[in-house]
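I open this notebook to record what I looked up in one structure. The entries follow the order in which I consulted it.

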Amino acid sequence: MGALVELKALAKERASLAFSNGLSDGRTARSMKSELTPYLEIGIDDYARGFRAGFFGQENDPPSRTIGGA
């Protein structure tokens with residue numbers, strides 16, 4: 001049930017698919033105690049931003065849509 005609520009929240013915020021995938025992968029990496037690669041640590045695309053949000057437990061921060069966002 002938690003995943004369904006999270007997907008609805010992401011849809012409401014109009015997060016990109018890349019951000020949503022990164023968020024999910026970041027949560028998984030955090031639970032496995034993985035380390036960040038340089039790309040994931042400093043990347044500015046939606047996937048990397050979503051990954052960091054999931055990895056550092058900042059899921060409540062809505063993704064900003066500044067460059068080419070709708």
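**Entry 1. Overall make-up**

How many helices and how many strands does the secondary structure of the protein come to? I counted 4 helices and 0 strands. I note at the outset that the model is a predicted one. Read from the N terminus, the elements follow the order α-α-α-α.

I then looked up burial for the chain as a whole. The protein has 70 residues, and 27% of them count as buried. I also checked how far apart in sequence the contacting residues lie. Among contacts with a separation of 6 or more, 60% join residues 24 or more positions apart.

Is H4 mostly covered or mostly open? I found H4 mostly covered, with 7 of its 10 residues buried. These buried residues are Ala48, Gly50, Phe51, Arg52, Ala53, Gly54 and Phe55.

I asked what covers the buried residues of H4. The cover includes helix H2 (17-31) and helix H3 (38-42). After H4 comes Gly57, and I recorded that its phi is positive, near 70°.

**Entry 2. The packing of H2 and H4**

A pair of packed helices is described by the angle between the axes and by the distance between them. For H2 and H4 I noted an angle of about 35° and axes 6 Å apart. The crossing of these two helices is right-handed.

I listed the residues that make the contact. H2 contributes Ala18, Phe19, Asn21, Gly22, Leu23, Asp25, Gly26, Arg27, Ala29 and Arg30. From H4 come Asp46, Tyr47, Arg49, Gly50, Phe51, Ala53, Gly54 and Phe55. By class, the residues of the contact of H2 with H4 are 8 nonpolar, 5 polar and 5 charged.

**Entry 3. The salt bridge**

I searched for salt bridges and found 1 in the structure. Which side chains meet in a salt bridge? They are those of Arg49 and Asp46, at 2.6 Å from N to O. In general, side chains of opposite charge can pair when their charged atoms come close.

I then compared the positions of the two partners in the chain. An α-helix has 3.6 residues a turn, so residues three or four places apart point the same way.

**Entry 4. The aromatic rings**

Why does the pair of Tyr47 and Phe51 count as tilted? The ring centres are 6.3 Å apart and the planes stand at 40°, so the pair falls in the tilted class. Tyr47 and Phe51 both belong to helix H4, where they are 4 residues apart, about one turn of the helix.

I looked up the accessibility of each partner. Tyr47 counts as partly exposed because its relative accessibility is 23%. Phe51, with a relative accessible area of 6%, is buried.

Phe51 also forms an aromatic pair with Phe55, and I recorded this pair as stacked, with 6.0 Å from centre to centre and 15° between the planes. Since Phe51 and Phe55 are 4 residues apart in helix H4, they too are separated by about one helical turn. Both Phe51 and Phe55 are buried.

I close with the cluster that the ring pairs build: they link Tyr47, Phe51, Phe55 and Phe56.

Key. Residues are numbered from 1 along each chain as its sequence is written. This is a predicted model: local features need pLDDT of at least 70, side-chain atom pairs count only at pLDDT 80 or more; totals for chains, interfaces and linings use all residues. Side-chain values use heavy atoms; hydrogens and water are left out. A salt bridge is a side-chain nitrogen of Lys or Arg within 4 Å of a carboxyl oxygen of Asp or Glu. Buried means under 20% relative accessible area, exposed over 50%, partly exposed in between (1.4 Å probe, protein chains only). Contact means heavy atoms within 4.5 Å. Axes are lines fitted to C-alpha atoms, for helices over the stretch in contact, and angles run from 0 to 180 degrees between N-to-C directions. A crossing is left-handed if the near helix is turned anticlockwise from the far one by less than a right angle, and right-handed if clockwise. Ala, Val, Leu, Ile, Met, Phe, Trp, Tyr, Cys and Pro count as nonpolar, Asp, Glu, Lys and Arg as charged, and the others, Gly among them, as polar. Rings of Phe, Tyr and Trp (its six-membered ring) pair if their centres lie within 6.5 Å; planes under 30 degrees apart count as stacked, over 60 as edge-to-face and the rest as tilted.
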